[in-house]
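Student: Hi, could we go through this structure together, slowly please?
Tutor: Of course, have a look at it and then ask away.

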Amino acid sequence: MSSPQGIFNRHEEIRLALRFFLQALHKAQAAGAATPDKRRVLFDFARYKGLRPVVERLATPGLRPDPAPAPRNAQRLADGVPRPGAARPSPAAPAPASPRPGAPAGGVAARGRAVDAAALAAGAGAGAAARGGGARPVTKEELGRATWTFLHTLAAQFPERPTRQQQRDARDLIGCLTRLYPCADCADHFQRLVRADPPDLHAASGVEMARPLLLLLPLLLPLLLLGTGPAAAHDIPGDCVEDWFDQTLDHFRWERERGAAAPRATFRQRFFVCNATYDGRGPIFFYAGNEGPLEGYIRNSGLMFENRVAHGALVVFAEHRFYGQTQPSGADYALLTSQQALADYAALLWTLKRRWGVAGAPVVAFGGSYGGMLAAWLRRQYPHIVVGAVASSAPVGQFPGGAGFRPEAFWDVVTRDATPTAGAAPDCAANVRAGFAALFAAGATRAGRDALRRAFRLCEALTGEADVEALAYWVQGAFDAYAMGNYHFASDYMSSPGAPLPAWPMRAACARMSRLPPARAAAARRALRGGGAPAPAAAAAGAGAGGDVDLLVRLRRAAALLYNATADKSCFSLELSGPAAGNTGPWDWQVCTEFLGQELPYFPASRQSMFWDQGPFDWPRIEEHCREAWGVTPSPHASLVAHGGRDWRGVSNVVFSNGLQDPWSAFGVLEDVSDSVVAVVIPDGAHHSDLMYSRPDDSEALTAARATIMRHVARWVAAARSVAPA
């Protein structure tokens, strides 16, 4: 099939469907059989989709495949590892803390829980009644899953050698569905796909008729993708099941016993297990949760899901204490530290592996941003638990006193992203710089502040210099989001759920800042990239009152890409959103104790940037904020002492990957430390873009980076197996 190739590249479940079939074909050929057992293939794929209970309910007994030979540890896995169709009780949890803005936007509530087989089998109305609600519209996803179940069962019964009437019936069914499917955009996509690659329903033998999965794959493809638009995040795979672990509250303190021994205090830690491709012999791919709910990380960690089949891996995501739904009841933030989180993850892995009977399974840790730091630190501190770590966009060098620490470097990268070197308009950075100068000049007078309110369409008046500075930081925070999220595709990872930033958001923002006609801007970018002379307009930021107002309006329009991504705001407040808004809540506590990085307002921009001169790194000001907010004084060197910063001598099996569009790369490991602690640099990569799902429009550098990462993972796993204790 040619035309849907982009869909295959984007959607992991489709690749898995093909892999399931091709693996079955390979096994059948190895056994001397002409074709694989179609029913076994279809049921295996249904198990991956979390739909086996539904299919077994609808299918006749004769359709059920014979039991496959049980793998080693199958009984122990059956006793311990949650199946996709097995519901798990969820404890009553306190209201989740707000994630650090810049942690992935959104989540899918209860998305990992089991499909309600009885409700689907009985129909939409019964499903609504079973959930205790009244009649309600069916969602795209519910419609797609129900249709997929029907087609799955039909495919299992479709004859190997259909009659002409059966061929006509199948063709009519496809035609009717493309016209009558009750979702307009899905039906349109369906029609385009079938027109491009119509299934061959006339073959009397051969691949098409012998392999019903491929026969109906053009029909199944769009239905499997329902609920995901071109800019939407991926759904959580159907085999991912939510579970809870009784975790020790304080790993580093023992209470003196008075009288009868009291049990150690615990809390409920949330995790997800995705086990469709696991047979008890493969490795465990473990994601070290960041400062937000797990769902966003699951939906944006395609690297793990796209490679789990090849490795036969079990995929586990663990939620960080005090974030998402993992809220230790009655505990205060004194127990919110990276060291406690690392101990959580180590204890979780050690216990679950033994509970599941796979104590010897190698564990590879994955993580992005703070999660990447945790993954690398997990390998450093618990090498007997984790055999290797993939640390994407991990700013391990962000601590004061560390080698090469330059806090202003963050904003230097943001500025570079707004230049032709990164594909932006040639006059963008100059106009942004001039716009901030105009902002502060206007903010010096009451009349000027009134003009600022009108230009930026602010909901409230600016009453003084502090409000003017807050406005400037508000705009700067938007450019922070565009640099971190400078992906080559539309994404809501840095914005609001369902309100994505456009592809290459920094370029889009710079287009709003540019005064060059589009054709001239493109020519100037080509000239500057080729080392030619800059266009005269690139340095002309405008002068006079009219020019200043124009620049201020352009700044507002550029910031609105983030702050009005929902396109429903008539005026703006100065509340930060996106990654720059982390100086509140549990993340600010971690900044104020361990100084885990927060760019605004702690990392100052220099006069070389496109912002304004924010002075030197002001540690006394940080201490003042932390004392006022939390009653604590941060330690500038505690994390450097505990984790080593950029010093990774004596450690093995860590990949540090960084996209150079991402400003956090300024604090990353960009050069190999040794043969086994290596740097993977992606010139056009953004904030842990290598962890995300692959796409047909990925650059060669990004594709090569993912391949390099997984070669290291394969080597770690193989080495761990060769030295595993008996």
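Student: What order do the eight strands of the open sheet have?
Tutor: The order is β1-β2-β4-β3-β5-β6-β9-β10, with mixed pairing; strands here are DSSP runs of E with at least two residues, helices are runs of H or I with at least four, both numbered from the N terminus, and two strands pair if DSSP finds at least two bridges between them. Please keep in mind that this is a predicted model, in which local features need pLDDT of at least 70, side-chain atom pairs count only at pLDDT 80 or more, and totals for chains, interfaces and linings use all residues. Residues are numbered from 1 along each chain as its sequence is written, and side-chain values use heavy atoms, leaving out hydrogens and water.

Student: Which strands stand at the edges?
Tutor: Those are β1 (240-248) and β10 (677-682), and because each has a single partner strand, one side of each is left without a neighbour in the sheet.

Student: And how does β9 pair with β10, in the parallel or antiparallel sense?
Tutor: Strand β9, residues 654-659, pairs with β10 in the parallel sense over six bridges, and Ser657 stands opposite Val680 in β10.

Student: New topic: is Ser369 buried or exposed?
Tutor: Ser369, in the loop between β5 and α17 (370-381), has 8% relative accessibility and so counts as buried, where buried means under 20% relative accessible area and exposed over 50%, with partly exposed in between (1.4 Å probe, protein chains only).

Student: What is Ser369 in contact with?
Tutor: Leaving aside neighbours within four places in sequence, its contacts (heavy atoms within 4.5 Å) include Asn290, His687 and His688.
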